[in-house]
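Have the model open while you read, and look up each strand and residue as we get to it.

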Amino acid sequence: MMSFRSLPVRLSHYLVTGLARLVPARNRREWRREWEAEIEYHTRKQNGHPMTSRRGIDVLSRTLGAGVDAWHLRREEWNLDMFGQELRYAIKRLRRAPMFTVVTVGTLALGIGANTAVFSVLRSVVLSPLSFPEPDRLVMVWEQNLSRGWPRFTVSPANFVDWREHGEAFIDLGAISMGRRTLTGHGEPERISVASVSASVFPILGSSPQEGRIFRPDETAPGQNLVVVISDGLKQQLFGNDGPVVGKTLELDGTSYEIVGVMPESFAFPASARMWLPLTFDFDIAGSRGAHYLRVVGRLVDGATVESADVQMSTLTRSLSQEYPSTNEGWGATVVDLHGMLVGDTVRQTLFVLWGAVGFVLLITCVNVANLFLARTTARRV
């Protein structure tokens, strides 16, 4: 059984054996003899004393110089002819041991494939910025009532109007209400996910339609809101490649709506929405402070941060709670960056933990492959 004290020396010899493959064949034997003599020299400097941990680390660190030395020798000899020769030699060796090759390649493929797949998801979901201009300035604003256990809650129309008028940290705020409508006139009736949005939502996001236009402010008035913007996917489903669809009509819940715009395929906000209608308040807004059903998106002014906007909104909501105690007492507001809101803390943490797990799997894979090569080399020496 190999003792702990002799382990650094054994590892140094294994390291030199592996690095020898980098050295040109004509220099390999002499190079290996010199480095093994170097290891032996530093080992004998103990003068018969047991190998200490400090001396073992010193032997290993000196052995790492073999890697630099081997790389310099390889660079001096490297050329396309040598590359072709080495490649042919490697292929020849692999063909002589097909089972060993299959096991090694399969093991590496599983480890690398799992890491690639998880990192691709992590990059697209967590690391990549949103596909909006200056996405770091986009936020979601929620109401909250901590005494009731509601850290994020939908917003009432009256509070949204006050926020929009007095929220100095924002260029503008926009409101969204999600729902479903029945689409008819195109085959079987279909329930469609619809987002009713204020006219400010698309400019806040910095998004433009690929065809037609977005809503005008006057189209959010009752009786003027019979227009619709549809997604590119819904356009392809309903009309295929029949050309422009602006000016055509859709039947929603028995009411005809004119298509005024088509959003590009890359636009997905909210993610489930397939069409957008103008958000209309056909009731007394002042009396709607107790009706919470809006989602609010905003764009910060230059120099503002999520934290500073959150502080300002806390001050504003305290003022509203004093002015309207019957409906706003106990209610506050919180500002969250849009990217974090869409990804979610749970999803973010889960993906990073999963990536760490598959990274550990790749490490185990590399160790297993190294053991395979070591076992094969040992078997050939016996």
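1. In β11, Val335 is the bridge partner of Val141, and Asp337 stands opposite Val139.

2. A word on what you're looking at. This is a predicted model, in which local features need pLDDT of at least 70 and side-chain atom pairs count only at pLDDT 80 or more, while totals for chains, interfaces and linings use all residues. Residues are numbered from 1 along each chain as its sequence is written, and side-chain values use heavy atoms, with hydrogens and water left out.

3. Now the other partners of β1. Strand β10 (residues 295–300) pairs with β1 in the antiparallel sense over four bridges, and here Leu138 stands opposite Arg299. Strand β2 (residues 150–153) also runs antiparallel to β1, joined by two bridges, with Asn145 opposite Trp150. The hairpin of β1 and β2 has four residues between the strands, and Gly149 takes a positive phi near 80° there.

4. How enclosed is β1 by the rest of the structure? Eight of the eight residues of β1 (residues 138–145) are buried, so the strand is largely enclosed by the rest of the structure. Here, buried means under 20% relative accessible area, exposed means over 50%, and partly exposed is in between (1.4 Å probe, protein chains only). Leu138, Met140, Trp142 and Gln144 point one way from β1, while Val139, Val141, Glu143 and Asn145 point the other way, and all are buried. As for β11, five of its six residues are buried, so that strand too is largely enclosed by the rest of the structure.

5. Next, look at α7 (157–166). Its buried residues are Pro157, Ala158, Asn159, Phe160, Asp162 and Trp163. What covers them includes β1, β3 (170–184), β10, α10, α11 (325–328) and β11.

6. There are holes to find as well. A search of the whole structure finds two cavities of 30 Å³ or more. The search runs on a 1 Å grid over the protein atoms alone: a cavity is a set of points where a 1.4 Å probe fits but cannot get out, and lining residues have an atom within 4 Å of a point. Grid points are joined across faces, edges and corners, and a volume is the space filled by probe spheres set on the points.

7. Which residues line the largest cavity? They are Glu143, Asn159, Trp163, Thr317, Leu320, Asn328, Trp331 and Gly332. Both α7 and α10 (306–323) supply at least two residues each. By class, the lining has three nonpolar, four polar and one charged residues (Ala, Val, Leu, Ile, Met, Phe, Trp, Tyr, Cys and Pro count as nonpolar, Asp, Glu, Lys and Arg as charged, and the others, Gly among them, as polar).

8. Asn225 lies between β5 (211–212) and β6 (227–231), and it is buried at 18% relative accessible area. Leaving aside neighbours within four places in sequence, Asn225 is in contact (heavy atoms within 4.5 Å) with Glu219, Tyr257, Pro278 and Thr280. The side chains of Asn225 and Thr280 also make a polar contact at 3.1 Å. That term means a pair of N or O atoms within 3.5 Å; within protein, one must be able to donate a hydrogen and the other to accept it, and residues adjacent in sequence count only if both atoms are side-chain atoms.

9. Compare that with Arg191 in strand β4 (residues 190–197). Is Arg191 buried or partly exposed? At 45% relative accessibility, Arg191 counts as partly exposed. Its side chain joins that of Thr182 in a polar contact of 2.9 Å.

10. Finally, the overall picture. The protein has 13 helices and 11 strands, and 38% of its 382 residues count as buried.

Conventions:
On a 1 Å grid over the protein atoms alone, a cavity is a set of points where a 1.4 Å probe fits but cannot get out, and a pocket is an open set with protein on both sides within 12 Å along at least five of seven lines; lining residues have an atom within 4 Å of a point. Two strands pair if DSSP finds at least two bridges between them.
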